[in-house]
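Have the structure open as you read.

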Amino acid sequence: MDSPQKRLEGLDELPPALSSMWRLCRLGYRHEPRLMLWAFVLSQLAALPDALLALWLMLLGRGVIESRPWLVTGSAIGLGVSATATWLLQTVSTRVQRRFRDKVTIALESHVARLQASIVTIAHHERPEILDRLAMLRDQVFVLDHMYMSVFATVGWILRLAVTLALLASVHVALVLLAVFALPTVWVSTWRPAVERAALQSGAQANRLARHLFTTATTAPPGKEVRVLGIGDKLVTERRSAWEMGFAPIASARWATAGWQALAWAIFGTAYVGAIVFVSAVLGRPAESVLLVLAAGARLSAYVGATVGEIGFLRGFWMDGSRRLAWLEDYAAALEAAADAPVPDAITRGIRFDRVSFAYPGTSRTVLDDVSLTLPAGSVVAIVGENGAGKSTLVKLLARMYEPTSGSIFVDDRPLARMPAAGWRARLAGAFQDFYRFEFQVRHTVGLGDVTRLHDSIAVETAIGRAGAEDVILKLPSGLDTQLGPTWPGGSEVSFGQWQKLALARGFMRDTPLLLVLDEPTAALDAETEHALFTRYAAAARNSSSGRITVLVSHRFSTVRMADLIVVLDGSRLVDVGTHDELMARGGQYAELYAIQAKAYQ
Ligand SMILES: Nc1ncnc2c1ncn2[C@@H]1O[C@H](COP(=O)(O)OP(=O)(O)OP(=O)(O)O)[C@@H](O)[C@H]1O
Ligand SMILES: [Mg+2]
């Protein structure tokens with residue numbers, strides 16, 4: 001059987017653009033089929049009347065020349081209806097599109113969030129670009145919905161272009177060539193922003209300086225010193241010269257690009273006039289045909305420009321975003337396929353680290369070095385070590401936030417890496433050192449620990465009891481219904497220690513975890529409270545029928561000494577394992593540290 005890493009090989013590259021965009025389209029259709037169809041059809045319908053204006057003009061011309069009042073009236077009505085329909089369809093289509101976009105954005109966001117959550121382990125540790133890819137997608141997901149509009153718009157512009165070319169071809173096939181002469185305008189208008197952006201960038205430093213001087217001269221914090229030093233005038237003159245220096249390259253770039261733009265339009269203009277002369281003088285066509293060429297030709301360059309521009313837009317940002325999304329889908333699917341071992345219902349022997357080494361993604365420093373260790377089923381294991389020894393890292397590996405760089409972790413005999421991460425996490429409880437302050441109502445801040453029982457007051461109260469956090473709730477103005485976070489209406493701020501207790505309560509929401517991790521969850525509490533709490537969850541672990549393992553990280557030896565097994569880490573290596581008595585008898589690092597702390601308390 002392949003390892004997960006093996007299966008993910010070949011998934012480094014982003015999938016091809018067209019298929020990714022097609023997948024994104026299908027994704028939108030799956031979530032909002034009706035709205036998407038309507039948005040598409042309406043956007044195309046809105047494109048038509050605009051392109052048909054030339055036809056009505058031709059008919060009107062014919063009616064006038066041949067003195068056919070019915071034709072004149074008919075085509076005039078056609079013109080009016082066309083103009084109204086363009087406006088109406090555009091308005092309706094914009095509304096429908098907006099609705100579609102709003103809905104599809106929500107769907108896409110949750111899709112991406114789900115996928116990202118399922119990629120818990122970044123198998124490619126040495127590949128920071130994969131992390132970047134995920135981060136970029138997270139930023140892009142809010143704008144991915146624009147892609148649909150961009151696709152619709154592109155098709156709409158192509159439709160207009162096709163209608164216009166067909167009208168021109170109906171006069172003479174050679175007139176289609178007029179589109180070619182519109183290309184220089186397209187080329188210049190795509191090239192122009194890039195040149196101007198580059199110029200802007202080259203002047204960026206001077207502009208930043210100018211801005212800095214301006215804020216220095218005008219804002220309150222530096223105000224005192226600016227006045228005392230008397231440098232106000234100097235700041236103003238320097239700002240002026242910095243601004244001029246920054247603006248010079250931009251101004252010259254704008255002049256140059258404007259020159260090219262004018263030339264490009266001159267080329268199209270010449271061809272346009274040429275086409276009219278060709279139709280009227282060379283081919284000797286009637287006035288109505290000349291009118292058609294006049295109207296259709298005038299729109300041609302705008303249509304060509306818009307089509308090319310929209311395609312460029314699609315190719316840039318949206319293509320990139322959809323490729324990232326398609327990649328994420330493939331990656332998550334491959335990970336899921338690799339997770340072929342079920343999460344056990346109970347642990348019978350224990351969790352075993354087999355020569356586990358680890359370095360954080362994008363770094364080369366080994367944070368855990370060749371750690372082999374067994375955490376026996378039903379035991380309470382304490383991890384001790386100095387700051388930075390790797391204690392939290394070990395906990396994070398257990399929680400599958402990361403995958404070991406080498407070596408494996410086994411739950412009984414099943415490799416942890418092969419278990420679906422979400423399933424494993426569902427059997428995990430506890431609190432992390434860097435817990436998050438969820439600013440919700442207290443009951444939800446705690447209830448989140450087991451989202452399925454978010455609204456279960458009894459479960460929430462039980463968890464609060466387990467964490468010994470009742471006193472926090474009692475002090476809050478509305479008890480469990482208090483909004484946390486001072487920036488929310490009626491919100492209360494609580495102290496760091498109180499936040500920590502709430503995080504701990506959240507960690508105790510699950511009733512039957514296989515693994516309970518407590519990474520210094522009580523650091524802000526006094527030693528006595530920590531001791532009392534610890535006695536309680538140690539008893540719970542020992543009594544559990546599922547072989548629950550409790551992993552506790554603490555710097556307090558009074559607590560640590562009660563654990564069944566104590567793991568001593570030092571500078572990324574495992575230096576000792578044993579019970580308190582064994583470690584004391586051995587007289588190693590543990591005994592030394594214990595003695596120091598015991599002395600301090602005497
Ligand atoms: N996300 C990260 N990226 C890179 N390096 C990290 C990251 N988190 C921790 N480290 C590094 O890994 C090493 C071990 O960190 P860890 O958090 O496991 O230590 P610890 O034993 O829990 O320390 P403490 O007692 O301070 O909580 C440290 O040197 C730290 O700089
Ligand atoms: Mg830590």
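This is a predicted model: local features need pLDDT of at least 70, side-chain atom pairs count only at pLDDT 80 or more; totals for chains, interfaces and linings use all residues.

Residues are numbered from 1 along each chain as its sequence is written, while chains are lettered from A and ligands numbered from 1 in the order in which they are written. Helices (H or I, at least four residues) and strands (E, at least two) are DSSP runs, numbered from the N terminus.

**The open sheet**
- Four strands make up an open, antiparallel sheet in the order β2-β1-β4-β5, with pairing meaning at least two DSSP bridges between two strands.
- β2 (368-376) and β5 (414-415) sit at the edges with a single partner strand each, so one side of each has no neighbour in the sheet.
- Antiparallel strands β1 (residues 350-358) and β4 (residues 406-411) are joined by five bridges, and R352 has F410 as its bridge partner in β4.

**Strand β3**
- Five of the five residues of β3 (residues 380-384) are buried, so the strand is largely enclosed by the rest of the structure; buried means 20 or more other C-beta atoms within 10 Å of a residue's own, with C-beta atoms placed from the backbone.
- In a regular strand, side chains alternate between the two faces of the sheet.
- Here V380, A382 and V384 are buried on one side, and V381 and I383 on the other.

**Partners of β3**
- β8 (residues 549-553) runs parallel to β3, joined by four bridges, and V551 is the β8 bridge partner of V381.
- β9 (residues 565-570) also pairs with β3 in the parallel sense over four bridges, with L565 opposite V381.

Notes. A residue is buried if 20 or more other C-beta atoms lie within 10 Å of its own, exposed if 12 or fewer, and partly exposed in between; C-beta atoms are placed from the backbone.
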